[in-house]
Amino acid sequence: MQLPAREAMDFDVVIVGAGPAGLATAIHLKQIAAAKGGDVSVVVVEKGSEVGAHSLSGILMDPVGLNNLLPGWHDDPAFPETNIVERDEFYVLGRSGGIRVPGFTMPKLLHNDGCYIASLGLVCKYLAEKAEALGVEIYPGFAASELLLDDTMRVVGIATGDMGIGRDGKPKSEFARGMELRARYTILAEGARGSLSKDAIRRFDLTRNADIQKHGLGIKELWHLKPEKHHPGLVRHTMGWPLPNSAGGGSFMYHYGDNLAAVGFVVHLNYSNPTLSPFDEFQTVKTHPLIREYLEGATRIGYGARAIAEGGWQSVPRLTFPGGCLVGDSAGFVNVPRVKGSHNAILSGMLCAEHLFEALAAGRAHDEVVSYEETWRSSAIGKDLYPVRNFKPFWAKLGTVPGLAFGGFDLFTHQLIGRSLFGTLKHNKPDHACFKPIDQVKPITYAKPDGVLTFDRASSVFLANLSHEEDQPCHLHLRDPSLPVASNLPRYGEPARFYCPAGVYEIVYGDEAAKTDPRFVINSQNCVHCKTCDIKDPEQNITWTTPEGGSGPNYSGL
């Protein structure tokens with residue numbers, strides 16, 4: 001069937017993603033234009049049903065980004081409720097106890113003094129209001145599904161996905177063609193492993209001079225605590241149990257707001273045991289006395305998960321390509337040991353905006369804004385990421401305890417003499433290549449959830465407020481549909497059913513007792529858009545693409 005032509009709209013700048021990086025880019029472009037007595041037309045498209053619907057983070061926020069973007073933000077009564085850090089605790093856990101690491105033994109860089117606990121989704125809503133007040137157009141519920149290229153392979157905008165396509169690939173009665181949003185420059189602010197960012201990185205070979213990118217999976221729950229157990233401003237991080245020394249990650253707990261606690265777990269995706277389940281490791285860590293003491297009698301009210309780019313300084317790809325730029329976690333600006341990224345997301349959006357405006361003012365379009373790429377390493381972003389660049393490689397190569405010791409020593413040398421004794425370490429291999437065959441590992445078994453402190457995936461996904469039109473094409477594409485059963489199942493036990501935090505993937509047997517006639521089933525309606533499958537599948541057989549706009553989680557206050 002011949003589809004009708006898309007309608008098109010023209011702008012100076014199109015931004016994909018209404019997270020902190022995309023919204024900071026939009027706001028700062030308008031701020032600069034107003035200061036210069038001019039104007040630029042800016043549009044932001046967001047695949048979530050509303051701004052903040054897909055925004056997920058701890059969030060322990062270094063205010064440096066907001067201080068630069070919107071001075072006085074903290075005195076604005078419209079800003080969502082925050083709590084400044086009052087108690088900052090770090091523990092290395094054993095099975096039943098833990099050792100608190102004294103603050104004076106930790107590099108100053110890792111202290112959280114002056115940081116704020118908040119909800120990233122609510123912060124993004126606030127930024128969107130500021131952007132719209134400056135004249136930015138924001139279109140939530142529209143998924144950017146395609147980069148538009150001209151005859152010379154320059155990016156000239158994006159297309160949003162068609163709506164009303166049935167699972168059979170045919171238009172339904174409510175079919176609506178996507179729009180073309182054409183621009184002089186296109187900014188990709190999709191977060192880690194965004195589909196258009198992935199396409200741009202591959203198409204323009206943006207990683208040719210970069211180390212491999214590394215990732216983690218962050219899983220978060222929102223809890224309403226009993227008042228007597230709520231300590232506003234308490235920040236607690238843990239490493240160690242229940243993860244083995246060979247698997248990196250740890251938990252966080254942040255107390256803020258009206259008896260709220262953000263409780264979460266990050267697992268670095270370079271783990272090797274294919275039966276390890278990040279979701280179940282998170283459920284397990286909540287049974288530790290240092291965590292359960294706060295959660296007893298509390299109510300779980302939210303759940304979500306999201307991949308995190310963790311490669312750092314040496315893994316940042318080239319930020320510019322003909323007609324566009326990468327900002328925020330699309331570029332990989334998370335500071336792993338600080339467990340923070342929103343500040344660099346905002347700063348990268350601002351830095352990009354400054355160089356974009358110069359290009360626009362000079363009458364340029366669809367070229368490469370090279371000055372943005374050339375200046376970020378000497379900016380505040382580079383100065384934040386450079387000292388911690390070896391922390392992740394140490395952790396991955398040496399394990400948790402030795403890795404933390406060497407990483408801490410390396411940070412101290414930077415603090416004292418301004419450089420590392422080890423130079424810049426490389427990451428060893430991509431996350432998808434880290435699995436050992438299942439016959440070389442001890443399978444991990446997890447306790448059944450009690451429904452009070454620990455939970456199953458189904459009840460967790462329910463709290464993510466998912467919305468997927470079931471009669472739409474599956475947005476999780478298999479390059480070769482035979483590989484999950486033919487390769488992944490015999491070699492690794494099909495790890496997708498373990499690493500997915502939403503129960504999207506399962507193996508179903510024709511004869512369950514005999515384990516014969518296995519089929520790989522994709523429950524795409526469960527997807528929380530974390531992108532872990534796109535990263536961790538050992539065959540690199542799964543490609544995450546955008547479903548219909550407005551689909552996916554609708555996080556409330558996460």
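What is the volume of the largest cavity? The points below answer this and describe other local features.

1. **Basis.** This is a predicted model, in which local features need pLDDT of at least 70, side-chain atom pairs count only at pLDDT 80 or more, and totals for chains, interfaces and linings use all residues. Residues are numbered from 1 along each chain as its sequence is written, and side-chain values use heavy atoms, with hydrogens and water left out.

2. **Largest cavity.** Its volume is about 80 Å³. A cavity is a set of points, on a 1 Å grid over the protein atoms alone, where a 1.4 Å probe fits but cannot get out; a pocket is an open set with protein on both sides within 12 Å along at least five of seven lines; lining residues have an atom within 4 Å of a point. Grid points are joined across faces, edges and corners, and a volume is the space filled by probe spheres set on the points. The largest cavity has 14 lining residues. Nearest its centre are Cys500, Val504, Cys527, Cys530 and Cys533. The lining holds 11 nonpolar residues, two polar and one charged. Here Ala, Val, Leu, Ile, Met, Phe, Trp, Tyr, Cys and Pro count as nonpolar, Asp, Glu, Lys and Arg as charged, and the others, Gly among them, as polar.

3. **Second largest pocket.** This pocket holds about 710 Å³ of space. It is lined by 32 residues, and Arg193, Lys198, Ile201, Gln213 and His215 are the closest to its centre. By class, the lining has 10 nonpolar, 14 polar and eight charged residues. Helix 4 gives the most, six residues. Helices (H or I, at least four residues) and strands (E, at least two) are DSSP runs, numbered from the N terminus.

4. **Strands 14 and 18.** Strand 14 (residues 215–224) and strand 18 run antiparallel, joined by 10 bridges. Strands pair if DSSP finds at least two bridges between them. Lysine 220 has glycine 304 in strand 18 as its bridge partner. Eight of the 11 residues of strand 18 (residues 299–309) are buried. Buried means under 20% relative accessible area, exposed over 50%, partly exposed in between (1.4 Å probe, protein chains only).

5. **Cis bond.** Tryptophan 241 and proline 242 are joined by a cis peptide bond, with omega about 5 degrees. Proline 242 sits in the loop between strand 15 (234–240) and strand 16 (249–256).

6. **Positive phi.** Asparagine 259 has a phi of about 60 degrees. Its relative accessibility is 16%, so asparagine 259 counts as buried. For asparagine 465, phi is near 55 degrees. This residue counts as partly exposed, at 38% relative accessibility.
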